[in-house]
Amino acid sequence: MGRIFFARLFDIIICSIPTIILIFLNPIKSWQTLLINISISQILLFFYFVLLPYFSKGNTFGKFLFKLRLKKIKDSKLKLRDIFLREFYFLYIPLIFQLLSQTIMGIILFTSPHDSENGFLLKLINNISYTFLAIWFIYIPLTIYLQKENISAIDLKLGTRVFFLEKIIKNEKRESKNTHVHLQNDKPGKIDIKEIEKIIGEENE
């Protein structure tokens with residue numbers, strides 16, 4: 001769980017860097033700048049957490065660094081839908097809540113006069129937003145820890161899991177060693193003795 005947690009944290013930090021740079025280069029001063037910043041940050045998040053794992057066989061930079069990989073439990077191909085639904089649970093639920101709160105704050109900021117009452121309301125919405133984020137990111141690892149096999153609810157539903165890369169490599173090597181004896185001339189009862197001797201020799205080695 002520690003490796004999975006720190007891999008996820010590393011991925012979130014990587015995705016946060018372009019957003020922070022964007023805020024400095026394009027400060028939010030109007031509806032236009034707000035929409036531009038939100039659109040670019042969402043495109044980056046979708047690319048990094050959904051498209052990148054799909055095209056890199058379940059890898060992100062964090063998973064690659066900590067030698068992890070997202071896979072289907074039953075060896076079927078990882079689908080784009082699986083990754084998106086998984087990230088919707090982990091990332092987009094708290095993100096949508098935060099976007100809604102920021103939109104409400106933007107409406108108050110750009111349409112109402114700047115007085116002490118609005119200032120208090122903005123702080124309250126902002127605090128609720130970040131409190132929800134904190135609770136959500138505590139809830140997820142806690143539920144994974146309490147689950148018997150340390151799998152999240154969404155992974156159980158989708159049949160996905162983050163595996164150690166060493167385990168995947170060992171399984172692939174084991175599968176590649178499972179050699180089948182072919183019938184000579186594709187006829188039953190005739191077996192290639194040389195092929196059997198070759199398999200026995202490989203197993204002895």
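**Entry 1**

I began at K67, which is partly exposed, with a relative accessible area of 48%. I noted the classes: buried is under 20% relative accessible area, exposed is over 50%, and partly exposed lies in between, with a 1.4 Å probe and protein chains only. K67 sits in the loop between α3 and β1. Its phi is positive, about 60°, although K67 is not a glycine.

I then looked up K57. K57 also has a positive phi of about 60° and is not a glycine. I found K57 in the loop between α2 and α3. K57 is exposed, at 67% relative accessible area.

**Entry 2: ground rules**

This is a predicted model, so I kept to its limits: local features need pLDDT of at least 70, side-chain atom pairs count only at pLDDT 80 or more, and totals for chains, interfaces and linings use all residues. Residues are numbered from 1 along each chain as its sequence is written, and side-chain values use heavy atoms, with hydrogens and water left out.

**Entry 3: confidence**

I checked pLDDT, the predictor's confidence in each residue from 0 to 100. The chain averages 79, and 78% of the residues score at least 70. Over residues 179-185 the pLDDT is below 50, yet this stretch has 14 contacts in the model beyond near neighbours in sequence. A contact means heavy atoms within 4.5 Å. Where pLDDT is low, the predicted coordinates should not be read in detail.

**Entry 4: the fold**

I counted eight helices and two strands. These are DSSP runs numbered from the N terminus: helices are H or I with at least four residues, strands are E with at least two. Along the sequence the pattern reads α-α-α-β-α-α-α-β-α-α. Of the 205 residues, 29% count as buried. Among contacts with a separation of 6 or more, residues 24 or more positions apart account for 67%.

The chain exposes about 14500 Å², of which carbon and sulfur atoms supply 67%. Accessible areas come from the Shrake-Rupley method with a 1.4 Å probe; for residues, only the protein chains shown count as cover.

**Entry 5: helix α1**

Helix α1 covers residues 2-25, which is 24 residues. From first C-alpha to last it reaches 35 Å, close to the 34 Å expected at 1.5 Å a residue. The expected span is 1.5 Å times one less than the number of residues.

Which residues of α1 are buried? They are A7, R8, D11, C15 and L22. The buried residues of α1 pack against α2 (31-55), α3 (61-65), β1 and α4.

I also found a nonpolar patch on the surface: F5, F6, L9, I13, I17, I21 and L25, with about 700 Å² of accessible area together. Patches are made of residues with over 30% relative accessible area and no salt bridge; like charges are joined within 9 Å, nonpolar side chains (Val, Leu, Ile, Met, Phe, Trp, Tyr) within 5 Å. F5 belongs to helix α1. At 45% relative accessibility, F5 counts as partly exposed.

**Entry 6: salt bridges**

How many salt bridges does the whole structure hold? My search found five. The criterion is a side-chain nitrogen of Lys or Arg within 4 Å of a carboxyl oxygen of Asp or Glu. Side chains of opposite charge can pair when their charged atoms come close.

I took K72 and D82 next; their side chains meet in a salt bridge at 3.3 Å, N to O. K72 is in strand β1 and D82 in helix α4 (residues 80-111), 10 residues apart. K72 is buried at 14%, and D82 is buried at 4%. D82 also pairs with R81, at 3.9 Å, N to O. R81 is exposed, at 56%.

D155 forms a salt bridge with R86, the closest N and O atoms being 2.7 Å apart. D155 lies in helix α6 (residues 153-158) and R86 in helix α4, so the pair ties together parts that are 69 residues apart in sequence. Both D155 and R86 are buried; for D155 the relative accessible area is 5%. A network of salt bridges links R8, R86, E87 and D155. Leaving out residues up to four places away in sequence, D155 touches R86, F90, T160 and R161.

**Entry 7: K71**

K71 counts as partly exposed, at 25% relative accessibility.
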